[in-house]
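Q: I'm new to this one, so please pick a single part and take a close look at it with me. Then show me how that part sits within the whole.

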Amino acid sequence: MEGMSRLLIVGGGPAGIMAGLLFARAGVPVTVLEKHADFFRDFRGDTVHPSTMEILDQLGLLESLLERPHDELDSARIRVADREYVIGDLSHLDTPAPFIAMMPQWEFLDFLRDEAEKYPTFNLEMEAPAESFVEENGRIVGARLKDGREIRAGLTIAADGRASLVRSLGLLPVETLGAPMDVFWFSLPKADNPGDALRGSVQTGRMVVLIDRRTYWQVAFLIPKGTAQEVKSRGMEWLRAEVRRAYPDIDLSGDFLTSTDELHLLEVKLDRLTSWSRPGLLAIGDAAHAMSPIGGIGINLAIQDAVATANYLAGPMARGDPVDGLLHKIQDRRLLPTRIIQAGQRVAQERIIGAVLSNRPITSAPRIVRMLDRYPLLRRIPGRIIGLGFRRERLRSPDAFAKN
């Protein structure tokens, strides 16, 4: 059994690596456990929003991040019943980066890891899947790995996503909000090379989103919940035809989608823990609240959780103070924005996506879509909500290595 680590983080996603960086920056010894050998997994959340880039700017890291491969989106368009509308504008946000950086998640995580490893108190273990938590006298005191090791800690943070151990082991209660759809992700070739578009197409029975990745389109093809096998059984020719009908103005000639192996299924969940903590254990990010892909907000909400966690706990932990009595503050701080965003996602799921996938006739755009397209100033409202969210965090955790 290994020695004590003051902080143990289970999960090396955005919440876990960002939390690890911030606590290490405060001088807290941190061990992060990641079950995979690397961060390379396609079709994960690839949107880095202005709220996240604000935090990186406060850390002095934004310029370095934007040297990594990325595209910049500051507007969103949607096609409804064969007409295209502009519905969002981020370009006027008063923030260091008034756009969404479309960056592969492995690039973003590699960047955070590289910055975190500059601190001597940061340790990342790859290929180190946790199997359970270690409990003593009603308190979580670390985690047990699949290789039999135990790593003990003064505090354990579960940042291991929507399939978190806190969920599968029933350690914290979950409230399910539901979702009417799943998503097939895949890529399509593209002829031009602008890299500046986010487009949606809504027609009766069909909803398809395109993200311009400069050299290819990243596609989200929405399907009714639980119908993945049924959709696959219709064949690739049917799916190709559906995409072409959704975007008749885009050149989609040639061979594409030749095998079902190209389809990556996201089983959409919308839920949240009713309690994010118990003695010695705190859940953040998707482990605390599984988000719908609507708005691409999941990564950025997770980053905000990590910042709030460090703001409340990094200073006390650096001093060696117990923090069990402070754990509720993270949920107190982050629950309201989580509720607001999930409520908006739920409305969109039920009133728009559910209606489309149930084959209700779509003959015109909703009034709000028409108004956003007609009045450019109104587009700033969804741009601000998506880009900055609610109750965005400001970095307050200490920097133990700052030069005087």
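**A close look at one residue**

A: Let's start with Asp 110: apart from neighbours within four places in sequence, Asp 110 is in contact with Phe 39 and Arg 68, where contact means heavy atoms within 4.5 Å. Before going on, keep in mind that this is a predicted model, in which local features need pLDDT of at least 70 and side-chain atom pairs count only at pLDDT 80 or more, while totals for chains, interfaces and linings use all residues. Residues are numbered from 1 along each chain as its sequence is written, and side-chain values use heavy atoms, with hydrogens and water left out.

Back to Asp 110, then. You'll find Asp 110 in helix H4, which covers residues 105-116. The helices (H or I, at least four residues) and strands (E, at least two) are DSSP runs, numbered from the N terminus. Asp 110 counts as buried because its relative accessibility is 19%, and the cut-off for buried is under 20% relative accessible area, with exposed over 50% and partly exposed in between (1.4 Å probe, protein chains only). The side chain of Asp 110 also makes a polar contact of 3.3 Å with the side chain of Arg 113. A polar contact is a pair of N or O atoms within 3.5 Å; within protein, one must be able to donate a hydrogen and the other to accept it, and residues adjacent in sequence count only if both atoms are side-chain atoms.

Leaving out neighbours within four places in sequence, Ser 201 is in contact with several residues, including Arg 79, Arg 206 and Tyr 247. Ala 302, in helix H8 (residues 298-318), is buried too, at 6% relative accessible area. Not counting residues up to four places away in sequence, Ala 302 touches Ala 15 and Gly 285.

Pro 180 belongs to the loop between strand S12 (174-176) and strand S13 (181-189). Pro 180 counts as partly exposed because its relative accessibility is 30%. Along the chain, Pro 180 and Glu 350 are 170 residues apart, yet their C-alpha atoms are separated by 7.2 Å. Beyond the neighbours within four places, Pro 180 is in contact with residues that include Ile 223, Gln 349 and Leu 357.

Helix H2 (residues 50-58) is mostly covered, with seven of its nine residues buried. Among them are Pro 50, Met 53 and Leu 56. Gly 60, which follows H2, has a positive phi, near 75°.

Now zoom out. The protein chain has eleven helices and 21 strands in total. Its radius of gyration is 22 Å, close to the 22 Å that the globule rule gives for 404 residues, so the chain is as compact as a globular protein of that length. That radius is taken over C-alpha atoms, and the rule is 2.2 Å times the number of residues to the power 0.38. Taken along the principal axes, the C-alpha atoms fill a box of roughly 60 × 45 × 35 Å. Of the 404 residues, 54% are buried. Among contacts with a separation of 6 or more, 75% come from residues 24 or more positions apart.
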